[in-house]
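Let's take a walk through this model, one region at a time. Have the sequence and the 3D view open side by side.

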Amino acid sequence: ARSKIAVMDGDQQPPSKKARIPSPASATASRSSASGSASSASDVPRASHYEVSYLHRSTVTRAVCSSKHGYVVTASEDGCVKFWKRLGATATASGDTSGGTGGSAAGGPPARCLEFVKSYTAHIGPVLALVVSQPDGDTAASVGKDGTIKLYDVGTFDVTGMIKTKKKAARGDQTDTTSIELGMHAAFLGEDQSLIAVASASTPSLADDSDSDDDDDGPAPQPSAGGLAATAPPKKDEGVGAIYVFSTVTLSPLPVRIVKLHASPVTALAYNAVHNCAIAAMGRALLCDGKGVIELWNGSILAGGATGGGDGEGAGDEFASIGSSPVAARNGIDFQSKFSTSLYDLMKKKTFAVALAVSPTGTNFALYGADRKIRILDYATCNTVVTYDERPKVYDKMVQKRADKLARGESVDPSGIDAIEYGKRAATEREMDDTVIMSGGTETENVLMRDSGSQLLSLQFDPTGRYILIPTILGIKVINLRTNKCIATVGKADASALRFLSVCLCSGDARIDRQIQLARTGGSSAAIDHGSNKKSDALIVALAYKKRRLYVFSHSDPVAEAEMNGDDDEAVILNRDVMNEPPDADDMLVASGGRGESESKLGDEAILRTSMGDIHIRLFPNAVPRTIENFCGHAKSGYYDNVIFHRVIKGFMLQTGDPLGDGTGGESIWGGEFEDEFRKELRHDRPFTVSMANAGPGTNGSQFFITTVPTPWLDNKHTVFGRVTKGMDVCSAIESAQTDEMDKPLSEIRIMSVD
């Protein structure tokens with residue numbers, strides 16, 4: 001049975017018609033246990049705010065995790081590969097027992113969640129792909145645009161080998177691989193994971209477009225011998241749709257096998273380690289019609305073949321089975337013909353997959369389509385079980401429904417997304433359409449690369465195969481595949497500023513060195529939780545669109561906890577972003593604490609003495625010094641004395657600061673207007689936020705307002721410079737005042753003075 005479900009908000013109930021995901025077989029479930037210990041939704045972090053973030057020197061493009069060794073590996077656009085050691089829940093929660101620096105200099109602040117271990121300048125140019133072996137993650141590999149494949153021993157975080165595919169033939173040598181173009185998709189193959197498959201980056205040219213589509217209109221039920229090349233290096237443009245298989249033992253630049261089942265570039269590649277079967281998705285060709293065919297092929301090595309035992313030049317038949325059609329006995333499939341499956345559904349819909357994930361149990365795989373639909377398929381039958389709809393029109397209806405409720409005066413979820421905020425996020429989605437993100441890493445010459453570089457979308461199942469994590473416009477959705485309900489939206493509070501693209505779930509029970517942890521706690525084991533009720537240390541490492549940071553979510557939400565305890569949540573927000581690399585301009589401003597010594601003369605607290613009572617405001621001179629200098633200058637000069645609240649809207653805000661009293665007057669202390677100061681740590685994410693009023697970008701004068709509800713649609717439009725700390729009841733009283741049709745209070749409410 002198939003059902004189509006539009007998953008929107010985390011609190012939405014699914015339609016009554018549901019599709020059930022098959023329960024993992026006991027044999028496959030036992031194997032998945034090696035990949036992690038998560039056994040329920042409680043082990044998947046659900047925090048609305050990330051706990052900590054760490055920097056790369058350029059845009060972070062990939063992140064993978066080794067559960068066995070407790071390491072996270074990340075890669076960036078500048079060719080850098082970093083190793084991070086996971087920290088236990090005790091060290092993460094306490095914040096002062098973990099030790100380490102998170103990549104900062106020795107003696108810096110304690111690390112949280114992750115601790116920097118080692119960095120490699122692995123490639124000249126972008127890292128196109130980063131993968132780890134399955135199921136334990138003993139080996140990692142990075143694929144660079146420079147034509148090299150670097151191999152790493154994750155347990156010792158050392159480089160163990162390199163495959164240089166850009167090798168020119170010497171005189172008398174027939175080995176010439178200069179025409180091999182490595183793409184953005186890779187996976188380890190084989191029972192012992194000693195082979196690595198890398199998709200070709202070649203795209204069709206005008207010269208070969210006339211014959212590249214000769215036999216592509218209908219599916220080929222079974223690959224012929226012509227579809228598999230042994231070792232001959234491809235000629236120019238003949239690598240379109242090819243998948244090169246290299247030996248990680250011999251490190252030969254010549255592939256041991258070239259799988260050619262696609263006539264168009266490969267847009268997604270994954271390996272089902274339980275059934276030793278590779279899954280590859282074909283995208284649209286630059287100069288051809290849309291494709292979208294999904295192919296399954298055998299990734300196991302025939303019995304008796306010694307992996308890597310040859311010279312990498314096609315010796316013998318040891319790799320003959322690689323790329324052949326899957327069979328029930330060896331690969332666990334349960335269909336006779338691909339026509340009875342959903343493998344051609346994307347082609348029928350004239351779309352293709354841009355991301356692919358396989359369940360650790362081997363029972364399901366997920367496809368993220370260029371049409372922004374996520375399809376969950378049963379592996380054995382390759383039939384679609386359920387489809388989740390993330391198209392813009394789903395959110396258009398959601399936002400319109402919310403607007404209609406507000407128009408009728410009905411209550412709505414204050415944390416929901418409104419039309420203005422949605423418009424901003426939708427603009428980001430449209431921008432992503434012009435990058436390789438929504439083309440599956442292909443068409444690099446025709447898309448606008450921009451700052452996203454080699455970033456791609458990614459999905460991930462949890463270790464039990466019962467939940468799937470999907471990055472969306474609202475945050476990272478965690479969906480229960482048995483009930484088809486979104487049980488949480490991770491990073492929901494940060495999604496206004498960050499469009500999460502890639503997720504890496506690190507399951508619980510990180511491997512911790514107890515001796516090091518004892519040393520960090522002064523030799524006492526009191527700080528180490530040995531009980532069975534200890535807090536889960538599962539993490540989600542997320543990458544965001546055009547960002548240099550990796551964002552780490554845990555079971556701890558520091559911002560929410562600070563608000564609950566009445567602590568300084570602004571300090572918590574600032575401290576989340578660790579400066580372990582040279583900061584950019586915005587980071588430098590925040591880290592330096594302002595723009596100079598003159599800021600120390602600015603106030604950090606103000607009291608509005610109004611005709612209805614006092615309102616105490618905490619100011620942020622370090623974050624927005626020019627705005628505070630303007631506000632304090634007006635306050636000290638008496639500019640705000642006897643100024644009225646000229647605009648009051650219940651359920652929105654209170655506006656004042658205009659000496660004319662009609663919203664048309666006011667200027668800065670310098671005369672005229674001054675620029676905006678937007679800071680990512682100062683958002684309209686809560687009521688009683690104090691912000692500058694303006695008539696557009698860079699038009700700040702003297703007017704300001706105090707919100708009475710969260711107003712995230714105002715982020716990056718109005719400069720936040722304060723928070724009300726006392727006198728919320730006064731704000732509520734002003735908000736309740738009767739107003740005329742212009743929202744002006746019928747009885748004047750004045751600022752008597754500002755201290």
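Which residue in strand 20 does Val358 stand opposite? Val358 stands opposite Phe365. Before going further, a word on the ground rules: this is a predicted model, where local features need pLDDT of at least 70, side-chain atom pairs count only at pLDDT 80 or more, and totals for chains, interfaces and linings use all residues. Residues are numbered from 1 along each chain as its sequence is written, and side-chain values use heavy atoms, with hydrogens and water left out. Helices (H or I, at least four residues) and strands (E, at least two) are DSSP runs, numbered from the N terminus.

Strand 19 (residues 353–358) and strand 20 (residues 364–369) run antiparallel, joined by 5 bridges; two strands count as paired if DSSP finds at least two bridges between them. The hairpin has 5 residues between the strands, and Gly362 takes a positive phi near 80° there. Strand 19 is largely enclosed by the rest of the structure, because 6 of its 6 residues are buried (buried means under 20% relative accessible area, exposed over 50%, partly exposed in between, with a 1.4 Å probe and protein chains only).

Now jump to helix 11 (residues 625–637). Helix 11 has 13 residues and reaches 18 Å from its first C-alpha to its last, close to the 18 Å expected at 1.5 Å a residue (that is, 1.5 Å times one less than the number of residues). Its buried residues include Ile628, Phe631 and Cys632. The buried residues of helix 11 pack against several strands, among them strand 30 (605–610), strand 31 (613–619) and strand 38 (750–754). Just after the helix, Gly638 takes a positive phi of about 85°.

Ile615 is in contact (heavy atoms within 4.5 Å) with residues including Leu608, Ile706, Val724 and Ile734, leaving aside its neighbours within four places in sequence.

One last stop: Arg548, in the loop between strand 28 (539–544) and strand 29 (549–553). Arg548 is buried, with a relative accessible area of 17%, and its side chain reaches the backbone oxygen of Pro582 at 3.0 Å.

Key:
A polar contact is a pair of N or O atoms within 3.5 Å; within protein, one must be able to donate a hydrogen and the other to accept it, and residues adjacent in sequence count only if both atoms are side-chain atoms.
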